Amino acid sequence: MLVGYMRVSSTGDRQTVDLQRDALVAAGVDHRHFHTDKASGARDDRPGLKACLDYLNPGDTLIVWKLDRLGRSLPQLLAIVTDLKTRGIAFRSLTEQMDTTTPHGELLFSLFGALAQYERALTRERVMAGLAAAKRRGLQGGRPPMIDTETLERITAALDGGASKVSACRTLKVPRSTLIGTLARIGWTAPSA
């Protein structure tokens with residue numbers, strides 16, 4: 001069975017799915033098997049897409065007018081199409097002429113997978129380079145510490161002097177979970193009795 005999915009970004013009357021509907025009908029999709037969303041493609045919680053994916057069975061084919069109607073990012077598209085493939089469901093995009101039931105479509109899908117992997121590697125490389133550059137300038141990445149250095153010194157001195165963590169937290173108005181996490185990060189250990 002051929003199942004069609006259509007999406008427009010605007011919830012108003014400015015955008016319609018008429019062009020997509022016409023293309024899907026021309027591809028052989030019965031109007032009873034259409035699923036539609038009026039939402040951004042970046043959203044993961046699209047009710048029409050969820051209903052469409054739940055409706056599909058092994059041997060069915062999901063057809064979209066254009067890849068960006070299904071998802072905005074390459075990783076999102078790959079996740080959806082990979083899930084379809086593992087469930088025995090074919091996928092076709094009319095504009096890009098991608099059909100996972102053909103050798104050409106399989107090649108395109110494999111190329112998309114390789115591109116997504118390459119994109120992830122480049123992103124990681126850029127992040128690591130940025131962190132290294134910041135470190136060379138004396139900056140440290142990540143969230144700022146919740147307990148400033150002076151307060152932390154006062155707390156560790158109190159704890160080294162025999163005070164309990166609870167009393168130190170009350171006195172210096174620091175949440176207990178924050179204190180425990182900070183002490184673990186700096187490697188503080190309780191003095192032996």
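Does Arg 32 count as buried or exposed, and at what relative accessibility? At 62% relative accessibility, Arg 32 counts as exposed, where buried means under 20% relative accessible area, exposed over 50%, and partly exposed in between, with a 1.4 Å probe and protein chains only. The model is predicted, so local features need pLDDT of at least 70 and side-chain atom pairs count only at pLDDT 80 or more, while totals for chains, interfaces and linings use all residues. Residues are numbered from 1 along each chain as its sequence is written, and side-chain values use heavy atoms, with hydrogens and water left out.

The secondary structure of the protein comes to eight helices and five strands, taken as DSSP runs numbered from the N terminus (helices: H or I, at least four residues; strands: E, at least two). Read from the N terminus on, the order of these elements is β-α-β-α-β-α-α-β-β-α-α-α-α.

The overall dimensions come next. The radius of gyration of the protein is 27 Å, whereas a compact globule of 193 residues would have one near 16 Å; this radius is taken over C-alpha atoms, and the globule rule is 2.2 Å times the number of residues to the power 0.38. Along the principal axes, the C-alpha atoms fill a box of roughly 80 × 35 × 35 Å. Of the 193 residues, 34% count as buried. Among contacts (heavy atoms within 4.5 Å) between residues at least 6 apart in sequence, 64% join residues at least 24 apart.

The count of salt bridges comes to five, a salt bridge being a side-chain nitrogen of Lys or Arg within 4 Å of a carboxyl oxygen of Asp or Glu. In one of them, the exposed Arg 32 pairs with Asp 30, the closest N and O atoms being 2.8 Å apart, and Asp 30 is partly exposed, with a relative accessible area of 25%. Another salt bridge joins the side chains of Asp 54 and Lys 50 at 2.9 Å, N to O; these two residues are four apart in helix 2 (residues 47–55), and therefore separated by about one helical turn. Both Asp 54 and Lys 50 are exposed. Asp 68 and Arg 69 also form a salt bridge, with 3.1 Å between the closest N and O atoms; here Asp 68 is partly exposed at a relative accessible area of 27%, whereas Arg 69 counts as buried at 11% relative accessibility.

Across the whole protein, there are 27 positive and 20 negative side chains, and the centres of the two sets lie 7 Å apart. Lys and Arg count as positive and Asp and Glu as negative, without His and the chain ends, and each charge is placed at NZ of Lys, CZ of Arg, CG of Asp or CD of Glu.
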